[in-house]
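Student: I have a model open and would like to learn how to read its features one by one. Please take me through it.

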Amino acid sequence: NYNGFATASGVTVVPVKSKIEDSFALPSISEFEKLITPNTKAILICNPGNPTGYLYSKEEIDQLAAIVKKHDLFLVADEVYREFAYDGAKHFSIMSVPGLEQNAIMIDSVSKRYSMCGARIGCVVSKNKEFMATAMKFAQA
């Protein structure tokens with residue numbers, strides 16, 4: 001859905017691909033650095049990933065936080081599946097990273113949590129007041 005909505009809005013999506021050989025772990029930060037241009041506005045992740053189920057570690061989230069702060073980008077995290085962590089793994093939200101308050105945007109939904117996949121009930125969360133004021137202009141859409 002993100003790619004479709006981005007394309008319809010005139011946004012160019014540039015993928016940074018994870019690999020099955022690395023269990024879909026976060027690609028090297030240097031891979032992100034190579035692709036960041038003056039037109040880059042955000043990095044989007046799904047954590048845990050869908051469909052791989054890969055759960056980013058605190059260290060990986062901290063690496064992403066550092067790069068978005070360095071380049072003054074948004075870090076958008078789809079955390080819809082955050083409660084689907086297994087084998088003792090713990091989800092680490094971007095919303096809990098100190099100093100990332102102005103760069104973090106979390107997407108959440110109750111649809112997956114309560115097995116209501118057809119119901120599009122969700123929210124966008126950020127501590128960035130300017131972003132939230134802009135998002136509220138589109139809330140009815």
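The dialogue below goes from the overall fold to single residues.

Student: What should I know about the source of the coordinates and the numbering?

Tutor: This is a predicted model, in which local features need pLDDT of at least 70 and side-chain atom pairs count only at pLDDT 80 or more, while totals for chains, interfaces and linings use all residues. Residues are numbered from 1 along each chain as its sequence is written, and side-chain values use heavy atoms, with hydrogens and water left out.

Student: How many helices and strands does the protein have, and in what order do the elements run?

Tutor: Helices (H or I, at least four residues) and strands (E, at least two) are DSSP runs, numbered from the N terminus. Here there are four helices and four strands. The order from the N terminus is α-α-β-α-β-β-β-α.

Student: What does the radius of gyration say about the protein?

Tutor: The radius is taken over C-alpha atoms, and the globule rule is 2.2 Å times the number of residues to the power 0.38. For 141 residues a compact globule would be near 14 Å, and the protein has 15 Å, which agrees. The C-alpha trace spans about 40 × 40 × 30 Å along its principal axes.

Student: How do I read contacts over sequence distance?

Tutor: Contact means heavy atoms within 4.5 Å. Among contacts between residues at least 6 apart in sequence, 62% join residues at least 24 apart. S57 is in the loop between β1 and α3, and its relative accessibility of 26% makes it partly exposed.

Student: What share of the residues counts as buried?

Tutor: Buried means under 20% relative accessible area, exposed means over 50%, and partly exposed is in between (1.4 Å probe, protein chains only). By that scale 30% of the 141 residues are buried.

Student: Which residues have the most contacts inside the largest nonpolar core?

Tutor: A nonpolar core is a set of buried Ala, Val, Leu, Ile, Met, Phe, Trp, Tyr and Cys residues joined through side-chain atoms within 4.5 Å. The largest one has 20 residues, and I43, I45, L64, L75 and L100 have the most contacts inside it. Two or more residues each come from α2 (29-35), β1 (42-46), α3 (58-71) and β2 (74-78). The most come from α3, which gives five. Apart from neighbours within four places in sequence, L100 is in contact with A65, V68, K69, L75 and I94.

Student: How many salt bridges are there?

Tutor: Side chains of opposite charge can pair when their charged atoms come close. A salt bridge is a side-chain nitrogen of Lys or Arg within 4 Å of a carboxyl oxygen of Asp or Glu. The count comes to six. In one of them, E33 pairs with K70, with the closest N and O atoms 3.1 Å apart. E33 lies in helix α2 and K70 in helix α3, so this pair ties together parts that are 37 residues apart in sequence. E33 is partly exposed at 27%, whereas K70 is exposed at 58%.

Student: Which residues are linked in a network of salt bridges?

Tutor: The network links R82, E83, D108 and R113. R113 meets E83 at 2.7 Å, N to O. That pair links distant parts of the chain, with R113 in the loop between β3 and β4 and E83 in the loop between β2 and β3, 30 residues apart. R113 also meets D108, at 3.0 Å, N to O. Both R113 and D108 are buried, R113 having a relative accessible area of 18%, while E83 is partly exposed at 48%.

Student: Where are the cis peptide bonds described here?

Tutor: One runs from N47 to P48, with omega near 0°. Another runs from N50 to P51, with omega near 20°. P48 is in the loop between β1 and α3, and P51 lies in the loop between β1 and α3 as well.

Student: What is the phi of S23 and of S115?

Tutor: S23 is not glycine, yet its phi is positive, near 60°. S115, also not a glycine, has a positive phi of about 50°. S115 is in the loop between β3 and β4 and is exposed, at 65% relative accessibility.
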